[in-house]
Amino acid sequence: MSDDGSPPNTVPVLEAEGLVKRFGSQPVLSGIDFGVAEHEVVALIGASGSGKSTLLRCVSLLEELDDGTVRLDGDDITDPRADADRVRSRFGVVFQAFNLFPHLSVLENVTLAPRVVHGVSRAEAEDRARGLLDRVGLAAKATEYPDRLSGGQQQRVAIVRALANEPRMLLLDEVTSALDPELVGEVLRLVRELKDEGVTILMATHEMGFARQVADRVVFLDDGRLVEQGPPEVVLVDPRQARTRQFLARVIDAGRL
Amino acid sequence: MTVPAEVFPELSLAQRDRLTYRRGQARRSRLLAGSSTVVFLAVFGTVIVLSPGWERVQSQFFDLQVARDSLPAIAEGFWLNLRVLAFCAVLILVVGLGVAALRTLRGPVFAPLRFLAAAYTDIFRGFPLIVLLYLVGFGVPGLRLQGVPTSPVVLGGVALVLTYSAYVAEVFRAGIDTVHPSQRMAARSLGLTYGQSMRKVVLPQAVRRVTPPLLNDFVALQKDVGLISVLGAVDAVRAAQIEVARTYDFTPYLVAGLLFIALAVPTVRLADWVNARAARRQQAGGLT
């Protein structure tokens with residue numbers, strides 16, 4: 001996952017083509033095409049209900065698509081013959097509400113997937129987990145249970161848990177939306193560090209300021225359609241589309257940019 | 001009398017006043033509780049002892065000599081109850097969890113299993129235990145099938161397991177349903193299979209949540225193991241019955257009943273302790 005200075009991979013890490021998802025008769029994604037390149041950080045923005053979370057869940061096979069194709073490193077992962085469980089372990093998903101396992105300690109949360117899914121020995125998994133926890137400043141919390149941690153600490157553990165699987169890319173689903181304002185910073189700082197290490201990230205976010213600083217590309221979704229995408233200084237400052245302007249005007253009114 | 005300053009030199013005058021007040025209140029309630037208990041017991045005891053017929057009641061239900069004489073036989077029967085209880089409890093947990101897990105299976109292949117599990121819980125929760133005991137305990141040996149046990153202890157245990165597993169399966173299923181779907185999603189997102197998510201994430205949380213109702217069912221089972229006596233197994237209840245017939249005195253039944261209570265009380269306390277510990281471990285404190 002580190003940047004070794006090699007020329008950028010020509011095959012995108014993630015490629016989505018014509019994604020369609022309906023809940024009942026309600027369309028949530030109405031034909032979305034986009035891709036994420038190696039080491040790229042892409043921010044998904046848009047109003048609540050625009051389809052950001054659903055998009056993340058569909059590409060990571062946590063929701064079944066109604067149509068369309070998703071390729072990870074060129075492999076069609078939406079092929080029903082693909083081993084969906086294996087595919088999911090190649091994504092590191094971090095949720096808005098952390099979703100840590102309350103009956104397991106921090107260390108057990110982080111080592112569960114490496115041990116159960118990848119068959120790593122307990123000693124090795126714990127060793128690596130402690131290393132990762134140390135890096136995010138939570139080594140002292142290894143034996144604590146999640147409910148004893150602050151929201152920011154829980155979310156950092158959730159990120160470490162996702163990283164412990166050595167995923168091909170991280171999918172972050174509004175990872176700061178459930179946090180108290182003073183705890184947002186510590187989580188965003190960690191995401192920024194991951195970007196600097198070259199981790200490929202696709203993140204749904206309401207933090208426009210953060211998207212502008214960290215994202216290589218911003219994708220604006222509205223009503224299940226990809227309306228506009230491009231560098232943050234264009235999409236977030238001088239968007240081409242009227243709907244993007246409207247959305248940004250509302251965000252600025254709310255004091256979030 | 002205010003708590004002296006030298007005892008708590010670090011406390012403010014206001015806090016010492018509050019402490020003094022609370023201590024006074026506590027002393028007053030202890031005094032009140034103690035005296036009212038003494039008065040109540042005295043009145044209650046006098047009324048009972050002075051009521052007409054008390055002597056007959058005493059000799060029929062509280063005859064210490066009969067109790068002492070019948071205790072060894074009843075205790076030996078109770079030992080059988082305990083062994084049946086231990087075997088049944090383990091089997092019930094296994095069968096109940098298995099049936100609950102079958103009901104949560106997804107996919108068309110498992111449709112017959114799901115249906116069977118649902119039918120099993122519906123039938124055996126509705127079927128009267130005493131009728132099932134008669135059917136299994138007297139009906140099955142009457143078939144004279146090869147290799148099928150005829151011991152009333154074994155057959156009584158089978159009937160108990162069949163009935164209680166249906167209840168316990170529903171308890172487990174309710175527990176599984178209370179685990180939030182986001183927990184499953186997190187487990188699946190890490191690449192765990194459906195079965196692995198169930199075993200490592202959903203079931204451990206479900207079992208913790210249903211420990212109180214399970215222990216409640218366990219207390220009920222402790223008493224119901226006495227029902228194997230209707231099949232002729234010489235357990236505590238049957239032994240007491242024999243003693244009652246021998247002495248023309250009902251005290252042995254009371255002895256048997258007290259043995260069952262002595263077994264139930266620690267279980268209930270254990271349940272309280274287990275719950276308190278689980279709550280402490282997973283949650284930070286606070287006034288709740």
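How are α3(B) and α6(B) oriented to each other? In this predicted model, in which local features need pLDDT of at least 70, side-chain atom pairs count only at pLDDT 80 or more, and totals for chains, interfaces and linings use all residues, side-chain values rest on heavy atoms, with hydrogens and water left out. Residues are numbered from 1 along each chain as its sequence is written, while chains are lettered from A and ligands numbered from 1 in the order in which they are written.

To take the opening question up, the axes of helix α3 (residues 64-104) and helix α6 (residues 152-178), both of chain B, come within 6 Å and cross at roughly 40°. The two helices are therefore oblique to each other; angles under 35 degrees count as roughly parallel, over 145 as roughly antiparallel, 65 to 115 as roughly perpendicular and the rest as oblique. Axes are lines fitted to C-alpha atoms, for helices over the stretch in contact, with angles running from 0 to 180 degrees between N-to-C directions. Helices (H or I, at least four residues) and strands (E, at least two) are DSSP runs, numbered from the N terminus. The contact of α3(B) with α6(B) involves 18 nonpolar, four polar and three charged residues (Ala, Val, Leu, Ile, Met, Phe, Trp, Tyr, Cys and Pro count as nonpolar, Asp, Glu, Lys and Arg as charged, and the others, Gly among them, as polar).

Four bridges join β6(A) to strand β7 (residues 169-173) of chain A in the parallel sense, and Val93(A) has Leu171(A) as its bridge partner in β7(A).

The other open sheet has four strands, ordered β2-β1-β4-β5 (chain A), and its pairing is antiparallel. Here β2 and β5 (75-76) of chain A are the edge strands, each with a single partner, so one side of each is left without a neighbour in the sheet. Strands β1 (residues 14-23) and β2 (residues 26-36) of chain A pair in the antiparallel sense over eight bridges, with Ala16(A) bridged to Phe34(A) and Glu15(A) to Gly35(A). These two strands form a hairpin with two residues between them, and Gly24(A) in the turn has a positive phi of about 65°.

Of its 26 lining residues, the closest to the centre are Leu61(A), Leu62(A), Glu63(A), Glu64(A) and Arg88(A). Helix α7(B) gives the most to this lining, with five residues. By type, the pocket lining divides into twelve nonpolar, four polar and ten charged residues. The structure also holds three cavities of 30 Å³ or more, and about 50 Å³ of space lies in the largest cavity. On a 1 Å grid over the protein atoms alone, a cavity is a set of points where a 1.4 Å probe fits but cannot get out, and a pocket is an open set with protein on both sides within 12 Å along at least five of seven lines; lining residues have an atom within 4 Å of a point. Grid points are joined across faces, edges and corners, and a volume is the space filled by probe spheres set on the points.

Note on methods
Pairing = 2+ DSSP bridges.
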